[in-house]
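Welcome! Have a look at the picture first, then read on.

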Amino acid sequence: MGGTTVRAGRRLLDAAAVVIALITVFPIYWMVLAAVKPAGEIQSLDQKPWTLAPSLDAFRRVLAVNDFGRYLLNSVLVALAVVLISGLIAFLAAVALTRFRFRFRTTILVTFLIAQMVPIEALTIPLFFLVRDVGTVVPGIGLNTLGSLVLVHTAFTLPFAIWMLRGFVQAIPDELDEAAQLDGAGRFTVLWRILLPLVAPGLAATSVFSFIHAWNDFLFARTFIISEADLQTLPMALLVFFKPDENDWGAIMAASTLMTVPVLIFFLVVRRRLVAGLGGAVKD
């Protein structure tokens, strides 16, 4: 009787998981479907979840946009720079907050948590004036520069990355550091040869968050890149297909589909690092 109940519960959970997965995947399916639908089917009031005449015309219109490759390159540069810089700073900060005892440590952690609660929209105008003023002193970080996007996105991803990596570093026993130091390893060696490989799964997870945050940004790219068309990022290319009389939804969905490809590639690359890192568990 008990075994039957357990099996029934598992089937119910499996069915619920399948339903949730289908609900999650459906918007992506509809986006790709709209990208390959002919214009007549997209504008039809009788929408169907399939098409019998798929077309790649929407993708051709997207790839024919002037400087589309430049937009793509700018987005890649900004996203990768944010991943590398935020990952390095977050790792060092997580080690400092976990391995060292100093005043106001708890206050700093709470400040990181509070920073996550502030809406991005509320900070856009102050950040605009801040970036403008900083640009007069520090070259490469003012308005109309990719450095301004890297700086702002790094600042917004750091609180989450530090909180997450703090848990990974805290899970590593202090005895491992002490044993390495007894064997003659310096603090730098312990940091990069022992702690960094063990925290690799956390870095992989936070890098996905940082990459997606910088890759999908439209607000800051629209705010900080004012007059330099060569420095626009990929989400700005979508504006070409928003028109006053009629939006080109096929091209919009095709561009959105193309934008997801680098994210998927990055996730697959990081996923291998994540699995490899999880395979190397800390043994007592």
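At roughly what angle do the axes of helix α8 and helix α9 cross? The axes of α8 (residues 174-182) and α9 (residues 187-198) cross at roughly 150° and come within 11 Å. Please keep in mind that this is a predicted model.

**Helices side by side**

Packed helices are described by the angle between their axes and the distance between the axes. Angles over 145 degrees count as roughly antiparallel, and α8 and α9 are therefore roughly antiparallel to each other. The crossing in which α8 passes α9 is right-handed. On the α8 side, the residues that meet α9 are L176, D177, A180 and Q181. Their partners in α9 are V190, I194, L195 and L198. Sorted by class, the residues of this contact of α8 with α9 are six nonpolar, one polar and one charged.

Now move to helix α7 (residues 146-170) and helix α10 (residues 200-215), whose axes come within 9 Å and cross at roughly 160°. That angle makes α7 roughly antiparallel to α10. The way α7 passes α10 is a right-handed crossing. From α7, the contact takes in H153, F156, T157, F160, A161, M164, L165 and F168. From α10 come P201, G202, L203, A205, T206, F209, S210, H213 and A214. By class, the contact of α7 with α10 has eleven nonpolar residues, six polar and no charged ones.

Helix α7 also packs with α4: the axes of α4 and α7 come within 6 Å and cross at roughly 40°. The crossing of α4 and α7 is right-handed. In the contact of α4 with α7 you will find 19 nonpolar, eight polar and two charged residues.

| Helix pair | Axes come within | Axes cross at roughly |
|---|---|---|
| α8 and α9 | 11 Å | 150° |
| α7 and α10 | 9 Å | 160° |
| α4 and α7 | 6 Å | 40° |

**A closer look at α10**

How far apart are the end C-alpha atoms of α10? They are 22 Å apart, which agrees with the 22 Å that its 16 residues should span at 1.5 Å a residue. Among the buried residues of α10 are P201, G202, A204, T206, S207 and V208. The list of buried residues in α10 also includes S210, F211, A214 and W215.

L203 is another residue of helix α10. Is L203 buried or exposed? Buried means under 20% relative accessible area, so L203 counts as buried at 19% relative accessibility. Leaving aside neighbours within four places in sequence, L203 is in contact with G87, F91, L165 and L196. I125 is 78 residues away from L203 along the chain, and the C-alpha atoms of the two are separated by 31 Å.

S148 belongs to helix α7. With a relative accessible area of 0%, S148 is buried. Which residues does S148 contact, if we skip its neighbours within four places in sequence? S148 is in contact with V131, G140, I141, G142 and F224.

T233 sits in the loop between α11 (219-224) and α12 (234-237). T233 counts as buried, at 6% relative accessibility. Not counting residues up to four places away in sequence, T233 touches Y71, N74, S75, L149, D217 and A221.

**Positive phi in two loops**

Finally, let us visit two backbone angles. Where is D67 found? D67 is in the loop between α3 (57-63) and α4 (68-99). The phi of D67 is near 65°, a positive value in a residue other than glycine. At 41% relative accessibility, D67 counts as partly exposed. N144 lies in the loop between α6 (120-135) and α7. N144 is not a glycine, yet its phi is positive at about 60°.

Conventions:
Residues numbered from 1 in each chain as written. Predicted model: local features only at pLDDT ≥ 70, side-chain atom pairs only at ≥ 80, totals over all residues. Heavy atoms only, no water. Axes fitted to C-alpha atoms, helices over the stretch in contact; angles between N-to-C directions. Helix = DSSP H or I, 4+ residues; strand = E, 2+ residues; numbered from the N terminus. Parallel < 35°, antiparallel > 145°, perpendicular 65-115°, else oblique. Left-handed = near helix turned anticlockwise from the far one by under 90°. Contact = heavy atoms within 4.5 Å. Nonpolar A, V, L, I, M, F, W, Y, C, P; charged D, E, K, R; others polar. Expected span 1.5 Å × (residues − 1). Buried < 20%, exposed > 50% of the residue type's maximum accessible area, 1.4 Å probe, protein only.
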